[in-house]
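I opened a new notebook page for this chain.

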Amino acid sequence: RIIYSPYYNLLITQYSTFLGSNHSSISFDTVQIQKHALSLLNFVYKNRNQRQPLIQTQRFELKEVDWYELLVNRRLVAHEASVFNPTIVTSIKPKENKKVEPVDSFELIASLNEILHVNLFTLKNATAFVKLADENVDITLHGYNTTLWVKALINSGNINDGLDAIGELSFRSLHVANPDFNVHVDNFKFGERAPFIGNLYYQAKANLALSLAGLNLEKISWSELNNSLTLNGLGWRSLDVKINGGQEHSSQKASNMKTSIKINDIRGGNSSLEYHKDSLTLNTSLEKVNLEELIFDDSLYVKGISIKCKSLTLDSEPNEIRIKDFTFNDEGGAISNIRFNHQGRDPYNVLVERLSFYAKLPDFARKKYAIDKLDVDRIKLQFDKQDSLHRLNLDLESGLNVSDLTYRNKTISVGAMTLNIGPVNMLNERWEKKVNVAHNTTH
């Protein structure tokens, strides 16, 4: 008669062993043996420099174990190693010379690789608490899952190979905090060099607050030859940025390493920007932001711009500007319903029905400011002069056409300008005068 059992448990009391260079150790108290799997229960991984375990989990599982290698050659060989619901606690401290020790993100894999040979490493539903002592940064991670191709990762010769070794990476929430800033990320996923972020919130004291939803990238590539990062297919569902320019940002040491960043195919959804500094306040709401190419290098290069703005307000006492909507592209743009109000001693209003211009906007990023043509339709000026005896209202409607407008070396030059003056209405408390003028002035 054959006795069959789906699994066997071997009870081991406080088994532990040091790995390789004796800088780390593992321990467990039960070995569970199945037909094609082996599990180490109550598994603990410790670093000699830390009091608390680096990783502690109820089950460390090996799938598709090569029993011949284990029984004959005493080598632990399996297709996949899985860690379920682990808790990871670590504190990274600087050395005595104040230089931070380099952190190997895959230290566990490298250490276990000395006694364990697997193709695939899986971490499921991990919780991590990380302290960066030198920067006073606390990192909390919940619901972390990752699948790594171990041999490809260890043998990777560059960042691209390392990214390709990640089969899957995701987490439910991430919180990073120190006295200067806070970052919170929900619903992060990464696979095939394409990250997705459900929600991201960043705040730097009272200087900057950023809220973003639905961020995705189609692909990330890194070139070590020219030290450049390329992002393809960057998009977001909504973006909200608030900047307070009233306080100075903390100074940071500039890096000697120059990195070029290239972003292809940017597609942004509803976005808003709010900026405050002293008495200046700027608010703008964007319906869409599209760019074919954006490069940050020694200079800024842009191509294929298409921006649609729903509203813009600019307040700086005693002046305020209101714009209903405007659009920009590579060839120029149009702004509608512009209102300028001056609320000083002698208040006046300027209303512009539409302003359109033709210019190569990508050149503006290279500090080449030139407008081929500028057309202003229906300028309406309302001017109130208030004194002890009179109150004057001036209603002027006109149009303006400018060509070859350039700004260079703090000098503005104009090739030609035409001013079309329409009806002029003047009114005070005692009389009213209307003047119809059909006059063109060209310069």
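**Confidence.** I started with pLDDT, the predictor's confidence in each residue, from 0 to 100. The chain has a mean pLDDT of 78, and 77% of its residues reach 70 or more. This is a predicted model, so I noted the rules: local features need pLDDT of at least 70, side-chain atom pairs count only at pLDDT 80 or more, and totals for chains, interfaces and linings use all residues. Residues are numbered from 1 along each chain as its sequence is written, and side-chain values use heavy atoms, with hydrogens and water left out.

Over residues 97-105 the pLDDT stays under 50. The model has ten contacts (heavy atoms within 4.5 Å) for this stretch beyond four places in sequence. Residues 247-255 also have pLDDT below 50, with four contacts beyond near neighbours in sequence.

**Overall make-up.** I looked up the secondary structure and found four helices and 26 strands. Helices (H or I, at least four residues) and strands (E, at least two) are DSSP runs, numbered from the N terminus. The chain has 443 residues, and 34% of them count as buried. Buried means under 20% relative accessible area, exposed over 50%, and partly exposed in between (1.4 Å probe, protein chains only). I also checked how far contacts reach along the sequence. Among those between residues at least 6 apart, 48% join residues at least 24 apart.

**The core.** Which residues have the most contacts inside the largest nonpolar core? They are Phe60, Leu62, Phe121, Trp236 and Leu355, in a core of 75 residues. Such a core is a set of buried Ala, Val, Leu, Ile, Met, Phe, Trp, Tyr and Cys residues joined through side-chain atoms within 4.5 Å. Strand 7 (residues 116-132) gives the most to this core, six residues.

I then followed Trp236. Leaving aside neighbours within four places in sequence, its contacts include Leu212, Leu215, Ile266, Arg267 and Val289.

**His79.** This residue is in strand 5 (residues 76-84). His79 is partly exposed, at 24% relative accessibility. Its C-alpha is 7.5 Å from that of Leu62, 17 residues away in sequence. Not counting residues up to four places away, His79 touches Lys63, Glu64, Val118, Asn119, Leu120 and Trp149.

**Charged pairs.** Side chains of opposite charge can pair when their charged atoms come close. I used this rule for a salt bridge: a side-chain nitrogen of Lys or Arg within 4 Å of a carboxyl oxygen of Asp or Glu. The count comes to nine.

I looked at Glu293 and Lys262 in detail. Their closest N and O atoms are 3.3 Å apart. The pair links distant parts of the chain: Glu293 is in strand 16 (residues 280-296), Lys262 in strand 15 (residues 260-277), 31 residues apart. Is Glu293 buried or exposed? Glu293 counts as buried, because its relative accessibility is 16%. Lys262 is partly exposed at 28%.

Asp265 forms a salt bridge with Arg267, with the closest N and O atoms 2.4 Å apart. Asp265 is partly exposed at 34%, and Arg267 is partly exposed at 35%.

For Lys373 and Asp375, the salt bridge has its closest N and O atoms 3.8 Å apart. Lys373 is partly exposed at 41%, whereas Asp375 is buried at 11%.

My last entry is a network: salt bridges link Arg59, Glu61 and Lys63.
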